[in-house]
Amino acid sequence: MSRPVQAQRLEGLDKNVWVEFVKLAATYPTVNLGQGFPDFSPPDFVKEAFVKAVSGENAMLHQYTRVFGHPALVTILARFFGKLLGQDIDPLTNVMVTVGAYEALFCCFQALVDSGDEVIIIEPYFDCYEPMVKMAGGTPVFIPLRPKTPAPGKLMSSGDWQLDPAELASKFTRRTKAIVLNSPNNPLGKVFSKKEMEIIADLCVKHDVLCFSDEVYEWLVYDGKKHIRIASLPGMWDRTITIGSAGKTFSATGWKVGWMFGPDHLVKHLRTVHQNCVYHCPTAAQEAVAQGFQREFEHYGKPESYFVQLPQELQQKRDRLVQSLLAVGMKPIIPEGTYFLIADLSDFKAEVPNLPDCEEPYDSRFIKWMIKNKGLAAIPVSAFYSTAQKRNFDHLIRFCFVKEEATLKAAEDILQQWKLKKTGP
Ligand code: PMP
């Protein structure tokens with residue numbers, strides 16, 4: 001065949017950081033602080049609900065359920081988020097269950113972005129936004145969060161990374177269809193403040209632009225920070241699709257239950273995409289997640305709530321990893337949310353020499369070396385940047401700290417040994 005086999009829209013989209021680094025971490029014996037998944041079990045109440053769903057009397061839980069979401073799940077999601085947003089949410093028209101947040105994102109771009117449309121993406125960003133925009137025929141337009149120097153004696157925080165409001169305004173054009181907002185942000189852990197969200201919301205309203213709000217880490221905020229839902233700001237409900245994930249919410253990434261909610265005039269187009277691709281999500285997993293939300297609804301804000309307990313535990317894990325990294329001389333950027341932490345490895349550059357002509361970003365080469373030589377896995381931060389910016393941020397690597405104590409201890413030991421070798425006892 002003389003013409004290319006693949007559809008043209010796939011041109012240049014074949015590389016995927018997760019495929020490459022997950023494989024590498026599996027090939028070598030590693031302490032894996034790379035990909036974002038807990039190495040501990042989900043809470044008992046959702047596991048028991050899943051077991052009951054598959055071993056209980058109700059044979060229908062093994063069969064197809066409603067295409068756009070199992071009734072029990074869309075009902076409780078509508079109730080739960082309706083209350084949080086102070087918004088009437090109709091389970092049948094405003095909510096849809098998806099195969100993880102990934103499918104919800106895919107539906108947004110396929111349903112609402114057309115050829116020639118521009119989509120604003122804030123850097124650093126969860127890497128799949130860019131190919132998903134391109135596969136829909138759209139053009140990603142990037143705007144960086146810019147780090148400012150922290151106050152003397154203070155460690156850098158993800159809050160020190162901010163948008164320049166004038167620069168952001170300049171990205172909105174006649175062709176802008178949507179902006180993707182991810183707060184808390186993967187990989188930085190930034191939790192956008194109400195003021196920052198208001199700036200974004202005002203621009204969306206002014207330019208009649210949609211907002212795809214990826215809130216999968218909504219419960220994982222630290223130090224008393226508050227997660228703000230942009231759909232609750234004036235003028236935003238009608239133009240926002242909010243996306244969530246049971247993978248992050250209940251520490252069950254393998255269940256691949258996600259959801260989105262928003263106004264019917266947008267959601268109905270996402271339903272068209274969903275019914276023509278995956279059509280349906282696994283019933284028993286949806287039932288278990290529904291039970292989990294029911295339980296959390298009843299315990300909302302109380303000490304026994306998983307949504308209260310998980311961030312408390314994670315904040316301790318975060319602080320522990322911060323100390324381990326500081327002890328060896330990697331400079332951590334303290335995340336306000338998520339279970340990721342970015343560290344600056346500039347002082348480690350002697351370990352892996354810079355190769356100015358090498359196409360591969362430095363952080364990517366560094367991590368490959370670290371996996372093979374130190375048995376520690378992380379993810380290169382350049383993977384969360386557009387091609388134009390990758391080189392400017394290839395001195396940073398992302399660690400995931402949603403791990404058992406033993407895993408964090410093993411990572412700590414590796415870092416300690418490393419330091420001894422570098423500096424001597
Ligand atoms: N959005 C963000 C920001 C994520 O980090 C992830 C998972 N890493 C997803 C979406 C996808 O979530 P799910 O596993 O539910 O598809």
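Me: How many bridges join β12 to β15, and do they run parallel or antiparallel?
Reply: Five bridges join strand β12 (residues 340–344) to β15, and the two strands run antiparallel; helices (H or I, at least four residues) and strands (E, at least two) are DSSP runs numbered from the N terminus, and two strands pair if DSSP finds at least two bridges between them. This is a predicted model, in which local features need pLDDT of at least 70 and side-chain atom pairs count only at pLDDT 80 or more, while totals for chains, interfaces and linings use all residues. Residues are numbered from 1 along each chain as its sequence is written, and side-chain values use heavy atoms, with hydrogens and water left out.

Me: Which residues stand opposite each other there?
Reply: L341 stands opposite F399 in β15, and the bridge partner of F340 in β15 is C400.

Me: What is the order of the strands in that open sheet?
Reply: The order of the four strands is β11-β12-β15-β14, with antiparallel pairing. The edge strands are β11 (331–333) and β14, each of which pairs on one side only. Strand β14 (residues 379–380) is joined to β15 over two bridges, and I379 stands opposite R398 in β15.

Me: Which helix packs on the sheet?
Reply: Helix α12 (residues 362–374) does, touching β14 and β15, and its direction makes about 50° with that of β15. Here contact means heavy atoms within 4.5 Å, and axes are lines fitted to C-alpha atoms, for helices over the stretch in contact, with angles running from 0 to 180 degrees between N-to-C directions.

Me: Switching to helices: at what angle do α2 and α10 cross?
Reply: The axes of helix α2 (residues 44–55) and helix α10 (residues 283–298) come within 8 Å and cross at roughly 140°. That makes α2 oblique to α10, since angles under 35 degrees count as roughly parallel, over 145 as roughly antiparallel, 65 to 115 as roughly perpendicular and the rest as oblique.

Me: Which residues make that contact?
Reply: From α2 they are F45, V46, A49, F50, A53 and V54, and from α10 they are A284, A285, E287, A288, Q291, G292, R295 and E296.

Me: Now E215, where does it lie, and is it buried or exposed?
Reply: E215 lies in the loop between β8 (210–214) and β9 (240–245), and E215 is buried, with a relative accessible area of 1%. Not counting residues up to four places away in sequence, E215 touches S183, H227, R229, I230, T242 and I243.

Notes:
Buried means under 20% relative accessible area, exposed over 50%, partly exposed in between (1.4 Å probe, protein chains only).
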